[in-house]
Amino acid sequence: MERMLLNIGPSHPAMHGTIQIKVELDGERVIRADVEIGYLHRGFEKTAENRTYMQVIPYTDRLNYVSPILNNLAYAMAVEKLLGIDVPPRAKWLRMIFGEISRITDHLTCIAPIGMELGAFTVFLYMIKAREFLWDILDATTGARLTTSYVRIGGVKADVPDNFEELLKEALREVRKAVKDVHGLLSNNPIFLKRTRDIAVVSQAEALSYGFTGPVLRSTGFYYDVRKTFPYLYYDEVEFDVPLGERGDNYDRYMVRMKEIEQSIRIIEQAFKKIEKGPVRTEDEVVEAYEAIEASHRGKYLDGKLKLSPNLEGMEKDLYDQIMAKVPRYILPPKEDLYRTMEGMIKHFKLIMSGHGLRPPTGEVYVPVEGGNGELGFYIVSDGGDRPYRLHLRAPVFSIMSALGKMIEGHYVADVIPTFASINMIGGELDR
Amino acid sequence: MVIEEIAEKYNLKKIEAADEIPSFYCTRDSITDILSEFHKHFEILLDITAVDYLGKRDKRFEVVYLLLSIKNRTRLRLKVPLDEGEKIPSASSLWKNANWLEREVYDMFGIEFEGHPDLRRILLYPEFEGHPLRKDYPLKKSQPRIKLLRPERE
C-alpha cells in the first residue's frame, strides 16, 4: 500500500489557528502525525522582560484571546502575591463574575466550531450569537470586547455600569437558550454521536502523563479543578459542581464544556447575589517624595542606592515635598482622575512610565488560576527592579497540543479537524 | 510528608519562595533519580522552564521543574543550576509532555537535554540564529534571510 504525506495547514480553511499538522496517510487513515507549532510566536516572554509590570497587562489580553480576563486575572494575582497585597471584596467578586463570563465565552467559542466541522453550521451561529451578548457586557464595563485589560494590579479597572443587571440577565438568558438549543441539536443526534463517540480517546493515565488540565482532563473522568482543589478568590463560598466525562473522547470533551457553561452561570448568579457595594481597588500606600526621587534615580541594573548630591543631602530633603507630589506605590488611579486632575495624571505617569513603576521585592512566584483550557499560571522572577526578570506562562494548551499527534493516529482525516476543535487550541496562548 | 522524606534522602537545599510552594535545589547528576522518586507521587508535570542569571550567579542557568500532586494537594518546584554548555538529563521517559517542554527550553535558552528523543526547535524555525530568551540576546537583533528552496521567479 502506498502512503501519502499530507500537509494540513498552516494556512488552511479548516484550521482555526496557524498550525501545521503533517499526516502520513494510508488511504484515509492517519498512520502518523507530526504537529508543528510556533507560527504565532511573537516573543511574549522576551517582551515582558523589557516592559514594566503595568505595561505587561495589555499583552496578557492577547494570550488566550477568547477569555482575556482569565489571563489578566492570573497575571494580576501573581504580581499581587509578589507584592504581598490583597484586594477588596467587591473587586474579588467582580473578578469572579467576569472570570466566569470569560470562561463561558471560551467554551462557546470551543463548541461552536466542533459543530461547524461536522456540518452543523446552525450550532456555530447560535453559539456565536450568544457570545455577542456576553461581549456586550464586557464592552459596557471594560470598554473593549476582546482586549479588556480589566483586572489590574490591586483591583479591577472600573465598577460595573448602572444597567449591568439588565445586561447580565439578558445575556445569561440568551446563553441558556443557546445551550438548550444546542443540546437539542447535537447531544442525542445520531450523526453527531457517530462522528464523536470513541474518536480520539485519551485514557486517564495518558492524560495525566501528558499534563492535561481543565475540561480535557475532566473529560477522562479525573477530578481536578484549580477552583476546587486550590480555591482562590471566593470560589469556596459558592456552590458549583465539576462535571466529569467517562471515556475521554470527543463527545465527552464537548459534553463537559456544555455542562461547565451551566455551572459558570450558577457561579455568576450566586456571586451577583453576594456582591456588596464597596471600593474596587485597594487602599494604596503612599510613597514619600524623597523615596520616590531616590527610586527614580536608581537604574534598572544598579543594585545599590545612588547617592544624591552628597554635600547637600540633608538640606535638600526638606525641599523634596515641594519638588514632587506624593505618588502611589502600586495602584493606578481611576481613569476619570487621570483625565480630569493634575494629581491623577502624575500618579498615572509614575506607575506607567519606564524608570518609574512598581518594584516588587526580590523573589519568585507561581500563581495558577483555572483558565478556559486548564491550569493557567504565571511564573514571575523578580530581581527587585521595575521589570520582571523572567516571566513565563504555563499555557494549558501547550501540554494538550503535545498529545494531538497521538490522539489522531488511527482515525480518518475527516476526524482530525473536529478533534483539533474539541481541545480548543488558541494560537495566542500556545505560541506566546 | 513525602516531599520532606525524599528531600532528606537526597540532601536537597530548600529555597524560600513567596508563593509557599516547596522549592529545592538539585544537582545535575541526581536529577533523574530525584524526578523518578517524585514521579511516584506527582501525577502531573506542570512545567519545565529556565531562568538565565547571566552575571548574577555562579552558574548561569537554572532549569525549573514544576510538579503537581492532586492526591496530596501540593505543588513542588525543583531547580537545577547549570553552567553554559552543560547538558541535563531528559525527563521525557517519565512524563510525556516533557518532550515538548524540553524542546521549548532548548529553543529559547539553548540548554540541551540528554536522551531526548527529538530535540529540535519548536516555536522558532530551524534556521533561527541564537536563543532569544538568553539575557545576552539583543532585543532588536535581526535574523538573516533564509535561503529559498527554489529561486524566486522574475
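Biologist: Which residues have the most contacts inside the largest nonpolar core?
Modeller: In this predicted model, the largest nonpolar core has 161 residues, and those with the most contacts inside it are A74(A), A78(A), V175(A) and V63(B). A nonpolar core here is a set of buried Ala, Val, Leu, Ile, Met, Phe, Trp, Tyr and Cys residues joined through C-beta atoms within 7 Å. A residue is called buried if 20 or more other C-beta atoms lie within 10 Å of its own, exposed if 12 or fewer do, and partly exposed in between, with the C-beta atoms placed from the backbone.

Biologist: And which helix gives the largest share of this core?
Modeller: That is helix α4 of chain A, residues 89–117, with 14 residues. Helices (H or I, at least four residues) and strands (E, at least two) are DSSP runs, numbered from the N terminus.

Biologist: What does V175(A) touch?
Modeller: Leaving aside residues up to four places away in sequence, V175(A) touches I104(A), A130(A), L134(A), I261(A) and I265(A). Two residues are in contact if their C-beta atoms, placed from the backbone, lie within 7 Å.

Biologist: How are the residues and chains labelled, and what gets counted?
Modeller: Residues are numbered from 1 along each chain as its sequence is written, while chains are lettered from A and ligands numbered from 1 in the order in which they are written. Because the model is predicted, local features need pLDDT of at least 70 and side-chain atom pairs count only at pLDDT 80 or more, whereas totals for chains, interfaces and linings use all residues.

Biologist: How many helices and strands are in chain A?
Modeller: Chain A has 20 helices and 10 strands, and buried residues make up 50% of its 432 residues.

Biologist: Which strands form the open sheet in chain A?
Modeller: The open sheet has 3 strands in the order β1-β2-β3, with antiparallel pairing, and its edge strands are β1 (4–8) and β3 (29–36), each pairing on one side only. Strands count as paired if DSSP finds at least two bridges between them. Strand β2(A), residues 20–26, is joined to β3(A) by 7 bridges, and I21(A) stands opposite V35(A) in β3(A). Helix α19 of chain A, residues 413–422, lies across β1, β2 and β3 of that chain, running at about 150 degrees to β2(A); axes are lines fitted to C-alpha atoms, for helices over the stretch in contact, and angles run from 0 to 180 degrees between N-to-C directions.

Biologist: Switching to chain B, why is β5(B) largely enclosed?
Modeller: Strand β5(B), residues 74–82, has 7 of its 9 residues buried, so it is largely enclosed by the rest of the structure. It runs parallel to β2(B), residues 23–25, with 3 bridges, and antiparallel to β4(B), residues 61–69, with 9 bridges. β4(B) and β5(B) form a hairpin with 4 residues between them, and R73(B) in the turn has a positive phi of about 50 degrees.

Biologist: How many residues does each chain bring to the contact?
Modeller: Chain B brings 25 residues and chain A 30, and β3(B) gives the most to the side of chain B that touches chain A, with 6 residues.

Biologist: What about confidence?
Modeller: The mean pLDDT, the predictor's confidence in each residue from 0 to 100, is 86 for chain B and 84 for chain A. Over residues 299–303 of chain A the pLDDT is below 50. Where pLDDT is low, the predicted coordinates should not be read in detail.
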